[in-house]
Amino acid sequence: LDILMPKMDGFEVCQRLKTNKITRHIPVIFMTAFQREKEYIVKGFGVGAADYILKPFHAAELIARVQTHLELKRHRDHLEAMIRQRTEELQEKSTALKVMLETREEISTNVQEKITANVYHQILPILEKLRVPQSPSLQAKWVRMINARLMEMLSQFPQKISAFTLTPAEIQIASLIKEGKSGKQIADLLNVAEGTVNFHRNNIRKKLGLIHHNDRLKAYLKQLR
């Protein structure tokens, strides 16, 4: 834009361009012969000019400046597009997270209700039976039943092996048992005696609450993460 134009000067034209949503992103370069009038330059940048070129000018210089500002605009447009895209992605993730948290809360409530119902309908009736004097064999039967019911309830909620305060050696052996390795295979892999493996296996069973011989350790470990 030239600063001196009939009816409307370059400053007003630039100002109108910058207040219009359609044209405000167009870079404006002012041309003027007022080399010594610094206030013109300052005013030009104040109304939104991108650059200033003094008359007389070389065509090559003008073309180079225009190309530079067009390239800068392309980069700016690209960055703005990336920001918009990232903003939309963040908004989508925020919405998804909100839904996930609401779902998790709903699941947690359902789990609590399910556990409460199971305790009332499956565990408490057996405990009532244990309050009545009876033979040791019958008591053992009820205890096994309680253990089985509790294990069934716990199996619905996968846990980490580390949650059972196993030692590093026990965690290693538990992982190998989970993979289906036999006691001898584990002993060979770890270069220890098979009796040592069995010792750790028994400790693992105790810590996991598998107090009866018919409780399968491998099957239980497969439920853990």
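The legends below describe close-up views of a predicted model.

**View 1**
Helix α6 covers residues 183-190, and G183, I186 and A187 are its buried residues. Seen down the axis of α6, these buried residues fall within an arc of 100°, so they line one face of the helix. K184, D188 and L189 are on the other side of α6, where they are exposed.

**View 1. The crossing of α6 and α7.**
The axes of α6 and α7 are 8 Å apart, and the two helices pack at an angle of about 110°. Angles of 65 to 115 degrees count as roughly perpendicular, and α6 and α7 are therefore roughly perpendicular to each other. Their crossing is right-handed. On the α6 side, the contact is made by G183, K184, I186 and A187. On the α7 side, E194, V197 and R201 make the contact.

**View 2. Helix α5 and what covers it.**
In α5, the buried residues are E170, I173, A174, L176 and I177. Seen down the axis of α5, they fall within an arc of 160°, so they line one face of the helix. The elements that cover these buried residues include α6, α7 and α8. Just after α5 comes G180, which takes a positive phi of about 95°.

**View 3. The aromatic pair F11 and F30.**
A pair of aromatic rings is described by the distance of the centres and the angle of the planes. The model has one aromatic pair. The ring centres of F11 and F30 are 5.4 Å apart and the ring planes stand at 65°, so the pair is edge-to-face. F11 lies in helix α1 (residues 10-19) and F30 in strand β1 (residues 29-32), so the pair ties together parts that are 19 residues apart in sequence. Both F11 and F30 are buried.

Most residues other than glycine have a negative phi. K7 is not a glycine, yet its phi is positive, at about 70°. K7 is placed in the segment before α1. The relative accessibility of K7 is 90%, and K7 therefore counts as exposed. N191 is not a glycine either, and its phi is positive, at about 60°. N191 follows α6 and is placed in the loop between α6 and α7. With a relative accessibility of 72%, N191 counts as exposed.

**View 4. L210 in the loop between α7 and α8.**
L210 is found in the loop that runs between α7 (194-208) and α8 (217-222). The C-alpha atom of L210 is separated by 9.8 Å from that of A148. Along the chain, L210 and A148 are 62 residues apart.

Definitions and conventions:
Residues are numbered from 1 along each chain as its sequence is written. This is a predicted model: local features need pLDDT of at least 70, side-chain atom pairs count only at pLDDT 80 or more; totals for chains, interfaces and linings use all residues. Side-chain values use heavy atoms; hydrogens and water are left out. Helices (H or I, at least four residues) and strands (E, at least two) are DSSP runs, numbered from the N terminus. Buried means under 20% relative accessible area, exposed over 50%, partly exposed in between (1.4 Å probe, protein chains only). The arc is that of the directions from the helix axis to the C-beta atoms. Rings of Phe, Tyr and Trp (its six-membered ring) pair if their centres lie within 6.5 Å; planes under 30 degrees apart count as stacked, over 60 as edge-to-face and the rest as tilted. Axes are lines fitted to C-alpha atoms, for helices over the stretch in contact, and angles run from 0 to 180 degrees between N-to-C directions. Angles under 35 degrees count as roughly parallel, over 145 as roughly antiparallel, 65 to 115 as roughly perpendicular and the rest as oblique. A crossing is left-handed if the near helix is turned anticlockwise from the far one by less than a right angle, and right-handed if clockwise. Contact means heavy atoms within 4.5 Å.
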